[in-house]
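Subject: Handing over a structure

Hello,

Here is the structure I promised to pass on. Please look at it first, then read my notes below.

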Amino acid sequence: MAGLEEEDNFDEENFQDTSLLTFPPDVQGVLDEILPSDDPIDRPDFNPVDYINQLFPTEQSLSNIDEVVGKIRYKIRHLDTDIRSVVRGQTNVGEEGRGALEEAQRAIHDLFTKIKDIKDKAEKSEEMVKEITRDIKQLDHAKRHLTASITTLNHLHMLVGGVESLTSLTRKRQYFDVANLLQGVLNVLEHFQPYMAIPQIKELADRVRQIQTELGGQIISDFEEAFQGSGAKYGPGNQRQLKEACFVVNILDPKVKRDLLTWFVKLQLTEYLVLFGENQDVAWLDKIDRRYAWIKRTLVDFEEKFGHLFPVDWEVSERICVEFCDLTRKELQKIMGKRRIEIDVKLLLFAIQRTTNFETLISKRFTGVTIQTAEVKPVPSKQAPARKPFGDQGYPEGSNPFEEEEAPSGENTEEQKTATKAVASPFIGIISKCFEAHLDVYIESQDRNLADLLTRFLEDFRQYGTPRIESEEGSNVLPSSADLFVCYKKCVVQCSQLSTGQPMVDLTRTFQKYLKEYSVRILLNNLPKMSSQSSNITSASGLIQSILKEGEVSKLTEEEQCRACAILCTAEYCMETTHQLEEKLREKVDGELVAKIDLNAEQDLFHNVISNCINILVQDLETSCEPALAAMSKMSWSSVEAVGDQSGYVTAITGHLKTALPLIRDNLSSSRKYFTQFCIKFANVFIPKFIGSLYKCKSVTPVAAEQLLLDTHSLKTILLDLPSLGSSISRKAPASYIKIVQKGMTKAEMLLKVMMSHHEPAKVFIDNYLRLLSDSPDIGEFQKVLEMKGMKHY
């Protein structure tokens with residue numbers, strides 16, 4: 001009991017001397033999560049006084065103080081026991097960890113010792129294997145060397161025997177056996193290439209080469225004896241021998257084959273050089289058919305007599321044909337150079353046609369494999385034209401001669417396949433290219449033909465004039481333009497068959513010349529001329545008379561208006577089709593000459609014609625409206641007392657527009673974009689002129705200004721509907737046109753609204769002017785407004 005009391009006293013002293021341990025809030029929060037407790041003593045803000053008051057809230061509760069103190073002391077002893085157990089446990093854990101580490105180290109040392117033992121045993125095993133296999137490798141090498149030696153001796157035996165046999169067979173001309181044996185000897189000889197330093201082997205190789213040389217000379221001599229000279233021995237007796245000799249030639253040096261074929265082909269064409277020498281009548285172009293008939297017969301005879309003699313892969317018939325083509329081209333160049341003055345276009349085209357027909361024929365018969373240096377021209381791909389000027393733009397379908405007619409998808413006609421093959425064949429142009437130097441005769445002929453064609457176009461235009469289109473469905477293109485480009489297409493096709501080189505460029509220059517001629521002589525020179533007459537109106541009676549006779553004011557007749565529209569449509573057609581012509585020429589001409597094909601200047605000429613046509617039509621319609629505008633400015637606006645219907649000048653202008661617009665629109669039905677340009681240009685010209693005429697009106701009272709505003713609104717309505725005026729089909733005017741009319745006529749309306757305001761007081765009038773005409777703050781404009789009001793200048 002005494003010990004217990006001492007311990008209790010010690011604890012009470014410690015309790016009294018020890019201050020509470022306080023942790024930071026974050027540490028305390030973690031402790032609360034790890035060791036949750038509801039005991040008030042465990043709270044960081046524990047207050048002993050509050051805790052005691054909670055235990056003993058009244059004096060009567062003090063009777064249990066001994067029991068409470070006992071419980072607390074028991075709790076303290078229990079906590080001390082737990083702390084001692086934890087401390088002792090940590091000490092034991094450290095000792096156990098050190099023991100486990102030492103055990104692991106011992107296990108690693110044992111494992112390392114075992115691995116080292118295994119490695120030593122593996123090295124010993126490898127040494128044992130090497131000892132075992134050393135004798136086997138030596139035996140294997142010995143076997144390989146022995147086999148190679150035996151093989152080499154066998155090859156040497158075969159080579160020696162083959163050389164002796166070849167010598168004997170060559171003397172006997174047993175070419176079939178020679179061909180079989182020679183190939184075998186050459187194959188065997190390849191095995192001795194590493195041993196050529198050995199004198200005996202080199203001697204055998206030289207002997208084989210000597211035999212090959214002797215065979216080549218002997219076979220060529222046999223062919224010469226069989227075919228050449230008056231004592232030719234070719235017949236049934238030596239046919240087999242010569243055929244077998246060709247097998248030997250295939251094995252010999254390729255030069256032997258080339259020399260033999262060159263000699264034989266020239267032998268077959270000896271007669272041709274004699275029959276068609278340049279001093280013979282049949283050598284001229286008018287009898288060029290006979291050359292091709294001769295080679296056809298010769299090739300047929302060759303196939304019948306000697307076709308079986310030569311191997312098929314030698315292509316002897318093709319070689320004869322190629323040599324014939326080369327000789328014919330050179331002979332034609334020579335004779336045409338000497339007799340150039342006798343060549344006319346008819347004779348030239350005849351010779352070219354017959355020659356190209358023959359080239360097409362042989363391109364179907366032969367592949368051209370023997371033409372070593374031939375440059376095969378690739379077939380040009382059919383590209384879609386950059387622009388299609390027909391269909392969508394109202395041109396008649398099929399009137400573009402340069403549109404490609406494509407076969408249905410997946411279908412190729414036999415003619416198309418043949419044409420493709422012919423273009424890709426090296427035989428195309430093999431003879432006919434000799435005519436290229438003389439194609440200036442053809443170009444000059446086309447120049448004359450186009451000149452005559454243009455003269456006929458001019459006469460037809462003057463005789464028949466231009467058609468008048470009565471509906472919006474027809475085309476207003478002059479037929480002569482389509483005829484011109486059809487002629488151009490024929491020239492392009494024909495010239496491309498003759499040459500795709502410089503003559504195509506020369507033909508392009510001829511086209512440029514007559515496109516310019518057509519644009520000037522047929523189109524520009526036939527545009528109607530505007531009259532220089534003017535009408536001056538000086539009195540009210542004159543005004544009334546001019547309005548009553550408004551039909552006589554127009555400067556162009558209906559026929560002249562139709563002519564201007566037809567020329568515009570034709571110029572558009574020519575401009576677009578000229579682009580197609582340029583694309584076709586570039587497709588046909590050689591690649592290095594493409595840059596020289598340029599028809600942009602000619603397209604600009606036709607565009608200039610279009611601009612002139614639009615200007616003339618606009619000027620005509622503008623001129624027809626001038627008397628009415630002049631009448632408006634001459635009217636006595638000071639005497640207008642009430643606003644009525646639209647004025648007479650508005651009716652006159654409306655009448656002119658309703659008369660002219662349907663005719664122009666129908667005749668420009670195939671060129672709607674240019675009809676829109678016409679409307680836009682007319683609006684840009686008419687509206688400023690109308691505003692200028694408003695400024696000329698004097699003493700305009702507010703009532704008169706209101707009447708003018710009504711007239712202006714009527715004109716604005718007419719102008720907004722101008723593109724479809726008088727048409728049975730209602731079309732919305734283009735947005736660009738509507739914007740121009742709205743902007744211009746709104747200014748006129750604002751001007752008249754200024755005129756409707758009173759000029760007193762002056763400040764209010766000026767403010768209205770600045771507000772309504774904010775885009776015209778110019779002092780000159782303001783002075784014109786004052787003049788309209790009949791006021792003096794400020």
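**Salt bridges**

K338 and E278 join their side chains in a salt bridge, with N and O 2.6 Å apart. (A salt bridge here is a side-chain nitrogen of Lys or Arg within 4 Å of a carboxyl oxygen of Asp or Glu.) K338 sits in helix α11 (residues 316-338) and E278 in the loop between α9 (270-275) and α10 (288-306), so this pair ties together parts 60 residues apart in sequence. Helices (H or I, at least four residues) and strands (E, at least two) are DSSP runs, numbered from the N terminus. K338 is exposed, at 58% relative accessible area. E278 is partly exposed, at 33%. The cut-offs are these: buried means under 20% relative accessible area, exposed over 50%, and partly exposed in between (1.4 Å probe, protein chains only).

Before going on, a word on the source. This is a predicted model, in which local features need pLDDT of at least 70 and side-chain atom pairs count only at pLDDT 80 or more, while totals for chains, interfaces and linings use all residues. Residues are numbered from 1 along each chain as its sequence is written, and side-chain values use heavy atoms, with hydrogens and water left out.

A second pair is D289 with R354, whose closest N and O atoms are 3.2 Å apart. This pair also links distant parts of the chain: D289 is in helix α10 and R354 in helix α12 (residues 345-365), 65 residues apart. Both ends are partly exposed, D289 at 34% and R354 at 27%.

D506 and R509 make a salt bridge too, at 2.9 Å from N to O. Here both residues belong to helix α16 (residues 502-523), three residues apart, or about one turn of the helix. D506 is partly exposed at 27% relative accessible area. R509 is partly exposed at 45%. How many salt bridges does the structure hold? The count is 23.

**The whole chain**

The protein has 25 helices and zero strands. Of its 794 residues, 40% are buried. Take the contacts with a separation of 6 or more: residues 24 or more positions apart account for 80% of them. Contact means heavy atoms within 4.5 Å.

Look next at helix α6 (residues 199-227) and helix α7 (residues 239-251). Their axes come within 10 Å and cross at roughly 145°. Axes are lines fitted to C-alpha atoms, for helices over the stretch in contact, and angles run from 0 to 180 degrees between N-to-C directions. The crossing of α6 past α7 is left-handed, that is, the near helix is turned anticlockwise from the far one by less than a right angle (right-handed if clockwise).

Which residues meet there? From α6 come Q212, L215, I219, D222, F223, A226 and F227, and from α7 come L242, A245, C246, V248, V249 and I251. These residues of the contact divide into 11 nonpolar, one polar and one charged. Ala, Val, Leu, Ile, Met, Phe, Trp, Tyr, Cys and Pro count as nonpolar, Asp, Glu, Lys and Arg as charged, and the others, Gly among them, as polar.

**Helix α23**

Helix α23 (residues 735-756) has 22 residues. At 1.5 Å a residue it should span 32 Å, and its end C-alpha atoms are 31 Å apart, which agrees. The expected span is 1.5 Å times one less than the number of residues. Buried residues in α23 include Y737, V741, G744, M745 and A748. E749 is also among the buried residues of α23.

S481 is in helix α15 (residues 479-498). S481 is buried, at 0% relative accessibility. Leaving out residues up to four places away in sequence, S481 touches Y518, T570, Y573 and C574.

Y51 lies in helix α3 (residues 48-55). Y51 counts as buried at 19%. Y51 touches P40, I41 and F46, again not counting residues up to four places away in sequence. From Y51 to I41 is 10 residues in sequence and 8.2 Å in space, C-alpha to C-alpha.

E315 is in the loop between α10 and α11. Phi of E315 is near 50°, a positive value in a residue other than glycine. E315 is partly exposed, at 27% relative accessibility.

Best wishes
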